[in-house]
Amino acid sequence: MLLSTVILLPLVFAVFIAFWPQQRTLRHLALGFSLIEFLISLMILNEFDPGSARLQLVEKFTWIERFGIQYFVGIDGISLWLVLLTTFLTPIIILASWTSIDTKVKGFHSCLFLLQTAMIGTFLSMDAILFYVFWELSLIPMYFMVGIWGGARRIYATIKFFIFTMAGSVLMLVAIIYMMYLTQQATGVMSSSLLEFYKVKIPFVAGTFMNQQTLLFFAFSLAFAIKVPIWPVHTWLPDAHVEAPTPGSVILAGVMLKMGTYCFLRWVIPLFPDATEYWSWLFLSLGVIGIIYGALVAMIQPDIKKLVAYSSVSHMGYIILGLFVMNQYGITGAIYQMLNHGVSTGALFLLIGMIYERTHSREISKYGGLASVLPIFTIFFFIITLSSIAVPLTNGFIGEYLILLGTFKAAPVYAYFAVTGVVLGAAYMLWMFKRVFFGEKGELVKDDHHPLHDLNLREIVVMAPLLILVFWMGLLPNHFLNWTKSSVDHLVNNKNKYYLEIHENKVAKGSEYAN
Amino acid sequence: MDHSILMAVLLLSPFVGFLINGVRYKQATYKISGGIATAAIFISFICSVLLFSELVGLPVDQRKIHVKFFEWLNVDKFKVDAAFYVDQISAIMILIITGVGTLIHMFSTEYMHHDKGVTKYFAYLNLFVFNMLILVLGDSLLTMFVGWEGVGLCSYLLIGFWFTDKDKAAAGMKAFITNRVGDAAFLLGMFVLFSTFGTLNIQEINAMAPTVAETSWMGALTMGTMFLFVGATGKSAQIPLYVWLPDAMAGPTPVSALIHAATMVTAGIYMIVRLNPIFIMTPNTMLVIAIVGALTALMAASIGITQWDIKKVLAYSTVSQLGYMFLAVGVGAFGAGLFHLMTHAFFKALMFLGSGSVIHAMHEEQDIRKMGGLKKYMPITHWTFFLGWVAIIGIPPFAGFFSKDEILWMSFHSPMGHPVLWAIGALSAGMTAFYMTRLMCLTFWGKSRVPKTVHPHESPALMTIPLIVLAVLSVVGGWIGIPEVIGHTFGHIPNYLMEWLHPVLKPIPNLTEAEHSLEWGLMGASVGIASISAFIAYHFYVKSPEIPGKIANSIKPLYELVFKKYLVDELYFKTIINPLIELSRKVWFYVDVNFIDKITYVIADLIKGGGGVTRSLQTGNVQIYAMYIAIGLVVALSIIIIK
Amino acid sequence: MQSNMFTDISLNHYLVLSSILFVIGMAGVLLRRNVIVILMSIELMLNAVNISFIAFSKYTQNVDGQIMVFFVMTIAAAEAAVGLALAVTIFKRFKEVNIKFFEHLRG
Amino acid sequence: MTSDVFLFWFLALLIIGSGLAVLLFTNPIYSALSLAMTMVGVAAVFITLQAFFIAGVQLIVYAGAVMVLFVMVLMLFDIKAEVQAFSSGKISGAIKLISVGLLSGLIVGGIIMSQKSFVGEMTKDAVHMAEIQKLKKSTSPDASSKELGMVLFSKHIFGFEALGVLLTVIAVGTVALARSRGGTHHAK
């Protein structure tokens, strides 16, 4: 029941919070809840067998029998860390929004927990319909989060965000239904189980577009590409980020974007191996374009948040690159980079939120000389900047290095282009850093009547776990990679005939007790 | 003592120093901060000496201490350990780093005493040493890269140390980004080597190095080494990525001494020397290295002649000397390169610290036109600087002479060298002598041009002691590598350095036995050129100070070009940076705002327009709605009936 | 067997009658402006349907058709009540029961 | 020509005529009276089809209660003949008329065309005749009402109860509506 608990507990919390009468203790309650959720999710590590590539801790109940739709959840090395990242970020977000969210506090925390359920559900569902439900469910709280607690142009941003993502998922629903049909054709029994999907051999014809596998591949890919977002469909991201409140941005960058990349790994690559291989050039190119484009455009943004949003586009380009080179290095790097991006970009948004709370501006040109006024803030920001530009011994380096290595081994041409992202990344981050923190004091920093105060204890507590993680992940990556290794190996070694078996040993253990 | 503990202390001592000073960064007690930092580096120095002596104690073919701490990264076949090893090459390096480092830390304690951020400064400095040690000791290219980026980072922090000045912050940024260009190439180099050898472990790569030279330009090894060399041009300030180093003088002067003269900038040479078995097998890369090194030496030296800022002169001098080192490794004389690296560390650190002493005395004045005659105010600084001067211009028997002569000789004699390379080297040597003498004359000798408000004074002992130690090293440092031809003449003085390095350096293929007379001749020629240049400079700047101005006027366009550093910065701005920013703006405006978003708007507008059409059908009149039903009924029935 | 259209009354006759009545009712709904008359026309249409129900019920010997008519009548009564109540409210405000006062659904 | 046939034609003409009168009278009161006439005609048709109970209900509920309701409302409002009884709009009016005409043509045509495939003749078909005769004998008005009641309270009991609830709701809703201040939205 562990996974179901992890998925559904936040939902219970959300309802509980919604009916909690006391306004004053609301945040404490929410924080406590999120910590409980995090601790419970840590128990997954205890139960998880890192040596096995199978699907573990599986739970399966019939939902709609006629169509073979099940409540089917399970975890493997690919989804493990993303779930933990989600539960890890939530308490941080609640603590970070302690003062910045001051209207409709109850609704906000309910949304947050609902979102948590949706995201964890997306990562753990092994049934297409269940997955789709969670996937779409995640949109709704996010929609409200941006729409209610967002900035001035929040309505524009929410609608853009909503329509972009919806447009993609509609095609995906069609594709899922078609997959169910194909499963029925192949096995005689209709099923929406992903494991059954894996068994279906979908006809593929190279060179043409109008064949089943290619069409299905693109239907799924489009939905995920918009979520990631891959280059030409990325324009919702900067707007959503800029208008979202800090917690919204953190969730968006930290976890929601990973839903896209994770699903590439869980759905697209194993389900459509031929199409993936045949069309990988397209995604590799788009990834590289995303890296360079995101970096270039980030460079000239006048708004810090927008800059970081475009840097996300660039970082997500790396992840796409890693996924589609289809070797151990690339995929391991991509998984690692997902976590890194969650940690470091999440932290960047938190920091920007903190300074925004003080000055109510995100315009780079109005800052300057912050370093001499807010030393602790500066140190934190600098460390996260380093992580973002992938300096060795921070987490970012491991991911980026592995991705580039994988790319070079598979397709050197893309690596030559992608490597410019290393330079451009440093350029835009450091240039921003220079303009905000160095030089003479800017107009927002100068104000003697309202001197800026450095981070308080709460904010330091918010940042500390992230900073620790930055170095932990950079210094001892094996602590994390050992858990994903067997799953990734399994995926790469069987990429043309992928299958996933259910790990039974926990059940056996249970039956021992029963006897 | 156990090697691993020794190694751990060696590495972690500076890091602990960094942590202590980092935590108490707000304190301005310079003596305590400086003391902690200096002690941390000194402990490392002791460890280095112990390791060195251990190494000496080992048999010649087993001189290697390898310590593995933990497995860092392990993905599929890609395995990298947090492991370090000391061999003959890295032993020299750690001695230089910690030794010179200790002296510079000591010097800094006094030099930075008035600065509020002194503790932060020492924290950065310790962190730098830590990273430098990782770079030098790392047993794989990736570990080396960790230090490689780490020193770049510290360099960034220290150049932009006085960050409230926008230009200084910009200089730091420039350094980091320029280095990043090199680092990106270094990454590619690593990828190529990993693809070729299946490992990044330096020892394994060296062991697997081919025995036959690779002559193809597009061969894997040539590409790999070429990429690594581009990485080195970034870190070691060679054409085309040297532009950051002169700007890096924005940092505190001891930083320039430690990072931008003695240690970090030599990382590129060190890397090539450490990987010499594969570099020697790629003659094409070697050729490029030699040419780039020679050209950098010449170009930087020529710029050095025209500069007025004491630190800028030294900076260009550093670039030029680094060019020499690349020239050396480019012609296969790895030992000579390392030798020059060492002597250069001594005399250039000395000169930077000397200039720091001068700047300190002159109350932050760096323009040599406002100096002159400082000899009588600050005798110790003058005499130590003087020794550095004779060392760098290559007057025997001072340190620079031996190393520089070795390089020039090898660039002529080695089968990979060429007389042209020798000529460029010799010309640069002449220029070096010229601008160094000019610096000497304008700063210490001649008439005093010091403004009335400034009262120069000799620096306190904490600053002069390092100067004296370095001066001594600048004198005797060269004696461990006396060339055979001289050693032979003066009674069998062995070339200690080359013997020490012999096991780890691949010999140059097809090296013929040299004619002693030729070697003597060339040696004489280079010393002659240097002496004459020095004499001319002395004449120009002390005897008749009006001549240089006249000459400069007579070749004004050329002078201006050189004075403005060949407009390379401007060129980069014009051809790379500005177009890039312009491109970004255009791309953002045309692609993001005006194309992708426009498309979505167009789609949205289409839907909206369609909605407008259907909207007009919704008149609100119920009877009209009923009429639609009727029409629908008619259509449906017609279809059914006609069918 | 030849059948005479006028003398042999078949199910079809009832159905045709029903449809003609239905169309008359529909014309009333479409064309009249008075809400009450429109309601009446709706009653006409319902009655038309009832005729066909009963005719089918008779033809198939199935009493369910009559049940359905029973239900339809009940609904019709209810509908008339609500419709008239609406007409009353309209009349209270505008002193007229014109359909144009229901045009607030304009898109 | 039997009486059955005559009765059918007579009632059909009556129903159609009075139905048209509902449509065409400009004075709503006349329309209402015509509607009452139609209702009675329909009830008569029910009787010819042996649905005696339903015919009774038709007379009582429709011709009685509902029509009284209509007439009462009309009296209450004191509505006279209208100047403009038909909705304006020439084009829409034309379309409406055309579609109504087409619809009637289509339905009638459809029914006639489907004659062969669907409906045997009610009066001529020998088998049916026999059955109907049998039915006529067996089904007295009492018997058919009884059967109706049995089915209504057994098979359709849920629908019946639901209707009861609906009527309650309607009663409450109507009162609430009638008590409100009136109008939709604002006055023009």
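## Confidence of the model

pLDDT is the predictor's confidence in each residue, on a scale from 0 to 100. In chain D, that confidence is lowest in helix 5 (residues 115–118) of chain D, with a mean of 49, and highest in helix 2 of chain D, at 90. Helices (H or I, at least four residues) and strands (E, at least two) are DSSP runs, numbered from the N terminus. This is a predicted model, in which local features need pLDDT of at least 70 and side-chain atom pairs count only at pLDDT 80 or more, while totals for chains, interfaces and linings use all residues. Residues are numbered from 1 along each chain as its sequence is written, and chains are lettered from A and ligands numbered from 1 in the order in which they are written.

For the complex, the predictor gives an ipTM of 0.77 and a pTM of 0.84. Chain D has a mean pLDDT of 78, with 77% of its residues at 70 or more. Residues 117–127 of chain D stay under 50, and the model has 18 contacts beyond four places in sequence for them; two residues are in contact if their C-beta atoms, placed from the backbone, lie within 7 Å.

## Chain A

Chain A averages a pLDDT of 89, and 98% of the residues score at least 70.

The secondary structure of chain A consists of 23 helices and 2 strands. Its C-alpha trace spans about 75 × 60 × 40 Å along the principal axes. A compact globule with 515 residues would have a radius of gyration near 24 Å, and the 22 Å of chain A agrees with this. The radius is taken over C-alpha atoms, and the globule rule is 2.2 Å times the number of residues to the power 0.38.

## Helix packing in chain B

Helix 11 (residues 267–274) of chain B and helix 14 (residues 310–330) of chain B have axes that come within 10 Å and cross at roughly 10°. This crossing makes helix 11 of chain B roughly parallel to helix 14 of chain B; angles under 35 degrees count as roughly parallel, over 145 as roughly antiparallel, 65 to 115 as roughly perpendicular and the rest as oblique. Axes are lines fitted to C-alpha atoms, for helices over the stretch in contact, and angles run from 0 to 180 degrees between N-to-C directions.

On helix 11 of chain B, Ile269(B), Ile272(B) and Val273(B) meet Met325(B), Phe326(B) and Val329(B) of helix 14 of chain B. The residues of this contact divide into 6 nonpolar, no polar and no charged. Ala, Val, Leu, Ile, Met, Phe, Trp, Tyr, Cys and Pro count as nonpolar, Asp, Glu, Lys and Arg as charged, and the others, Gly among them, as polar.

## Contacts between chains

Of the 4 pairs of chains in contact, chains C and D share the most contacts. Here 73 residues of chain D are in contact with 68 residues of chain C. Helix 3 of chain D gives the most to the side of chain D that touches chain C, with 11 residues. That side divides into 49 nonpolar, 18 polar and 6 charged residues.

No contact joins chain A and chain C, whose closest C-alpha atoms lie 21 Å apart. Chain A and chain D are likewise without a contact, with their closest C-alpha atoms 28 Å apart.
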